[in-house]
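Dear colleague,

I am handing over the structure below, and after it you will find my notes on what was found. Please keep the sequence and the 3D view open while you read.

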Amino acid sequence: MTTPYRYAILMFDGDDASLGQVLIDPDWEPALEWARLQALRRHGLELAGAGAGEPSSLAIEPLWHEAGAPYIRGFQVRMTGAEADPEPCELSLRFFHDAADVAAKRLIEDGKLERGTTYRYAACAFPISPDHDADLAGSRARFAVERQPARPRLLQSSLSERLRGAEPIAAGGGEQEDAAELPVLLPARVLEEAADLARTEEGIETGGLLIGHLHHDPGMAELLVEVTAQLPARHTCGDATKLTFTAQTWTEARATLALRGKDEIMLGWWHSHPVRHWCRNCPLDRQRDCALARGFLSADDRALHRAIFPSAYSVALLASDVAFDEVSFSLFGWRQGRLEPRGFHRRQGGATVPGSATGSRSRERSTRESNEADAEQPAIERLAPLPAAPAPLAAAPAPLPAGPAPLPAGPAPLTAGSDSGACAERRR
Amino acid sequence: MAETTATGIGLEVSDVSGQKTALVHDMPTDASVGELIEGLLAQMKLPRNDVSGRPLTYHALLEREGRHLHASEVVGEALHQGDKVILQPNIDAGGCRIEASGCRIDAAGCRIDGSGARVDAGGRRVGVPDRRPLPSPNVAIEPPRNRPVLAT
């Protein structure tokens with residue numbers, strides 16, 4: 001990836017008085033992944049097969065504001081090379097929101113910005129000399145690493161057939177999914193299983209992986225993310241406010257995927273927020289209005305998604321276990337390089353996953369108040385409370401794989417930091 | 001496919017989800033696994049720290065043997081040409097940080113209500129920190145006439 005510019009945020013207070021310039025070093029990876037996804041949607045594997053979309057063939061270029069350089073209104077990701085997608089992918093200034101937020105917090109700490117006030121920002125790009133990259137190259141490791149273009153397995157399918165009968169559930173509880181969004185298909189059975197687990201692990205966060213297929217419809221030039229099952233995360237460490245996925249969690253998930261033998265890939269993850277436990281000291285009427293009861297991703301959640309599921313088709317499902325209502329679900333996905341609430345299609349049952357076993361249970365759409373239906377709210381799906389008896393856990397088979405060797409007794413941490421030794425591992 | 005060279009071995013590397021893959025060329029056989037992982041994190045743009053700045057712990061799964069490598073193991077002894085290695089972090093999800101207004105939960109599971117007061121298990125409110133929300137960004141600014149220059 002090349003970007004011969006240095007980017008900065010200019011901060012202003014509510015009266016447009018300058019608060020100074022903050023140099024930023026954006027994490028461009030989500031923007032690059034977004035651009036790759038748009039090319040994949042348009043062209044399927046044609047580009048990926050030709051090697052286009054490799055990190056080395058992507059360039060980030062400023063889009064100048066009408067006021068002229070160095071002010072920008074956004075930037076574009078352009079593929080270079082003979083097989084490149086000729087259509088660059090444009091991203092708006094919204095990409096820099098988080099960087100501006102960090103800058104604002106620093107200004108508050110420095111006493112230059114008041115809490116509770118509105119600030120404004122502009123973004124700038126300044127050309128840098130070629131020596132800048134050369135300096136960075138000098139600090140590289142003593143071996144060569146060649147990043148490979150993402151080549152996800154794509155199934156050729158008719159999207160209209162795949163989506164037939166599925167119920168669209170929009171972010172914010174609206175009636176329609178954003179047409180610009182990549183459609184995501186979630187079986188109701190996956191939601192039921194996640195709800196069961198969230199209720200069963202009372203007061204403790206729990207979670208799992210979402211697996212399935214990517215479909216491409218050449219006729220529509222569109223992709224579909226189809227979740228086929230959830231794999232409960234094992235070997236995790238959980239408490240009321242944290243869920244640690246360990247190396248053993250990932251190892252077992254890979255083994256389970258291999259055992260299923262369905263060519264499924266990891267499409268995302270889910271986890272629960274035990275809101276009924278968090279808010280146990282509050283009366284129910286206050287809990288209904290509490291921010292905790294609405295689906296949200298914490299900073300840790302977002303960092304996990306960025307680290308483990310960087311591809312722009314990946315999704316994060318949140319199950320909020322509240323005391324005053326059914327378990328509610330919120331889905332998040334990448335949009336223009338940012339992780340935001342998004343809609344999905346819910347399909348009854350889950351016929352694509354033989355072997356998963358949960359009884360049918362009553363469900364109903366959420367009828368949330370209108371003040372919760374703003375654009376920042378994720379799609380919300382509610383399930384009826386659980387019966388007293390715990391439900392079966394996984395759709396995936398439980399036995400350990402015969403092929404790979406058993407989990408190691410003592411994996412070796414690399415970094416000098418603590419290895420989350422404080423939490424007790426839970427094995428199901 | 002990874003290639004053999006005169007100076008080192010070639011490896012295939014993947015992240016947990018398989019969404020990021022890379023080939024390692026000329027991996028020195030006298031290097032440690034820890035050195036391999038350290039170099040891969042930078043090149044594969046994988047995060048080194050969590051949101052609190054604490055270093056993430058990555059493990060290297062050697063697919064051929066189905067075991068995690070020890071950071072002190074020597075590449076030339078533990079790995080073969082063409083081996084596949086998967087980088088696996090210990091990483092947290094959690095609901096303990098809500099930066100916007102409203103309630104949040106601290107690490108001990110104690111609830112912080114919308115006013116910023118901590119509510120202990122007995123329902124008692126402890127301390128009332130600054131309750132004003134963070135500023136909200138407004139990106140639609142008309143750039144000033146004077147041109148900024150890159151700060152040094």
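Among the buried residues are Arg189(A), Glu192(A), Glu193(A) and Asp196(A). Helix α6 of chain A covers residues 188-200 and reaches 18 Å from its first C-alpha to its last, close to the 18 Å expected, where the expected span is 1.5 Å times one less than the number of residues. Helices (H or I, at least four residues) and strands (E, at least two) are DSSP runs, numbered from the N terminus.

Before going on, please note that this is a predicted model, in which local features need pLDDT of at least 70 and side-chain atom pairs count only at pLDDT 80 or more, while totals for chains, interfaces and linings use all residues. Residues are numbered from 1 along each chain as its sequence is written, and chains are lettered from A and ligands numbered from 1 in the order in which they are written.

Leu304(A), in helix α10 (residues 299-308) of chain A, counts as buried because it has 27 C-beta neighbours inside 10 Å. Leaving out residues up to four places away in sequence, Leu304(A) touches Ile91(B), Asp92(B) and Ala93(B), a contact meaning that the two C-beta atoms, placed from the backbone, lie within 7 Å.

**Backbone details**

Most residues other than glycine have a negative phi, and most peptide bonds are trans. Ala69(A) and Pro70(A), however, are joined by a cis peptide bond with omega of about 10°, and Pro70(A) lies in the loop between β3 (58-64) and β4 (71-79) of chain A. His235(A) has a positive phi, near 60°, and sits in the loop between β12 (222-232) and β13 (236-238) of chain A. Lys45(B) also has a positive phi, near 55°, and its place is in the loop between α1 (33-43) and β3 (57-62) of chain B.

With kind regards

Technical notes:
Buried ≥ 20, exposed ≤ 12 C-beta atoms within 10 Å, placed from the backbone.
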